[in-house]
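Hi,

Here is the structure I promised to send over. Have a look at it first, and my notes on what turned up follow below.

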Amino acid sequence: MAKRKIKKWQTMIILGSQWGDEGKGKIADYYGNLTDYVVRFQGGNNAGHTLVVEGEVYKLHLIPSGVLHEDKVICLGNGMVIDPEILLTEIDNLEAKGMKLNMLISERAHIIFPFHILMDGMIDEYKGELGAGTTRRGIGPCYADKAERSGIRMIDLMDKNIFKEKFDKLFELKKLTLEKLYKADIDLNKKQILKNYLEFGERLKPYVGDVSLAINDAMDKGKKIMFEGAQGTMLDNDFGAYPHTTSSNTTAGGACVGAGVSPTKIDRILGVVKAYTSRVGDSPLPTEIFGKKAQYLQDRGQEFGTTTARPRRIGWLDFVQLRYAQRINGFTGLAVTKIDILGGIKNIPICTHYKYGNKKMTELPSSLEELRKCKPVYTNMPGWKNLTEDDFKAIIKKGYAALPPNMKKYLKRIEDEMGVPIDMVSVGPDRKMTIEI
Ligand code: IMP
């Protein structure tokens, strides 16, 4: 693969191109080092990154991974939904490790309350097979309130009187909904929640401000900005496998809306592609595999949710889905992760298209009914032997060319199918186990 020059860039969006859990956290941490601002723009503590730096493991849900570089400004954008209690716990944990946070939380971000969390579980259970198998963190109900225009934002929490008034209305509405509509026997202490949230507000006050203004000013001053996506393309509420999606826009456009920046200001959109597929939660997954091979990848790839610890479903690489991700996001480059996990498999199937009855499908259908009936058509790629961490360390010293030839063939196939160059290959969880091309 030719060494390609990456254009000088000031802004970059990092996105999951599959179903989440592609290893974005590590890639964002890597590029976070090169930027001045790291911005999250959607989702909440449904996300989870596991980062390994110098052997120390960090698990984060709300704060973007760039936080581990202390000289960065960390921003939580308006497109996010924030559980303040969880956020304060993350702040406390990082500070306990001796970190000083330079963080700005958007005044426009919406707030998650305990009733959102209760409703999340109830709605998902009620939906049965149409549920998404949510993380039960209150994400969907909080975004629903935002769309319904009864939500409460960070800015409201900054003024006790305004907050009390809005909280009172919202609480009573949710109590009625839960009791009368859901017939739920709820145990929510209104006074206590109010008291807790006012305290959370006081503690968060120093961090709350206008994120859009801050990052646009920073861009004018030539600062580098990285927008860190959560979840993945197939969980986007418009373009994912609806209704088995999350409630926000996880795709490239979501970064602009969720942070308050113009699309004309974005230089690079990096798509993170895991070398195989995984999915936590429910939905059709055409290339899903079971049995020994699935177990092999699940164990080696530690495919258990960071947020819920649920085992992830496993599948082969699906190019129908990945070409679709490319169309929606317009990636300028790819970061391929966990290629090391495929080591030791003799022939690696890749799905080039689906068969729907007698029809060849090269595009992802919008209908879940159709997707459910699509059968993957595979081509086998030759595998490579299992490499140890030391083998990879030796390869990293020499660079991309030293990777096993069949691994390079596999990577080249990803580039060809998606029509985008690979900018980076990740061969292990540590920051150092990375090859830039
Ligand atoms: P919610 O975001 O909790 O509402 O869950 C909606 C769907 O998105 C469920 O299928 C979750 O399993 C999935 N999901 C949410 N966050 C993540 C993530 O960070 N990685 C992978 N899947 C996720």
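This is a predicted model: local features need pLDDT of at least 70, side-chain atom pairs count only at pLDDT 80 or more; totals for chains, interfaces and linings use all residues.

The shell around the ligand is made up of 8 polar, 5 nonpolar and 3 charged residues. That is 16 residues around the ligand, and the ones that come nearest are Asn 46, Ala 132, Thr 135, Thr 246 and Val 280.

Where does the ligand lie relative to domain 1 and domain 2? Both domain 1 (11-103 + 210-436) and domain 2 (110-207) give residues to the shell, so the ligand lies between them.

- Arg 310: an N or O atom in its side chain is 3.1 Å from an oxygen atom of the ligand.
- Asp 21: a polar atom of its side chain lies 3.3 Å from a ligand nitrogen atom.
- Gly 133: here a polar backbone atom is 3.5 Å from an oxygen atom of the ligand.

As for how well wrapped the ligand is, on its own it has 470 Å² of accessible area, and the protein covers 97% of that.

There is also a pocket to look at. The second largest pocket holds about 200 Å³ of space. Its lining counts 14 residues, with Asp 340, Glu 389, Val 427, Gly 428 and Pro 429 nearest the centre. Sorted by class, that lining has 7 nonpolar, 4 charged and 3 polar residues.

Cheers

Terms used
Residues are numbered from 1 along each chain as its sequence is written. Side-chain values use heavy atoms; hydrogens and water are left out. A residue is near a molecule or strand if one of its heavy atoms lies within 4 Å of it. A polar contact is a pair of N or O atoms within 3.5 Å; within protein, one must be able to donate a hydrogen and the other to accept it, and residues adjacent in sequence count only if both atoms are side-chain atoms. Accessible areas come from the Shrake-Rupley method with a 1.4 Å probe; for residues, only the protein chains shown count as cover. Ala, Val, Leu, Ile, Met, Phe, Trp, Tyr, Cys and Pro count as nonpolar, Asp, Glu, Lys and Arg as charged, and the others, Gly among them, as polar. Domain bounds come from an automatic or database domain assignment. On a 1 Å grid over the protein atoms alone, a cavity is a set of points where a 1.4 Å probe fits but cannot get out, and a pocket is an open set with protein on both sides within 12 Å along at least five of seven lines; lining residues have an atom within 4 Å of a point. Grid points are joined across faces, edges and corners, and a volume is the space filled by probe spheres set on the points.
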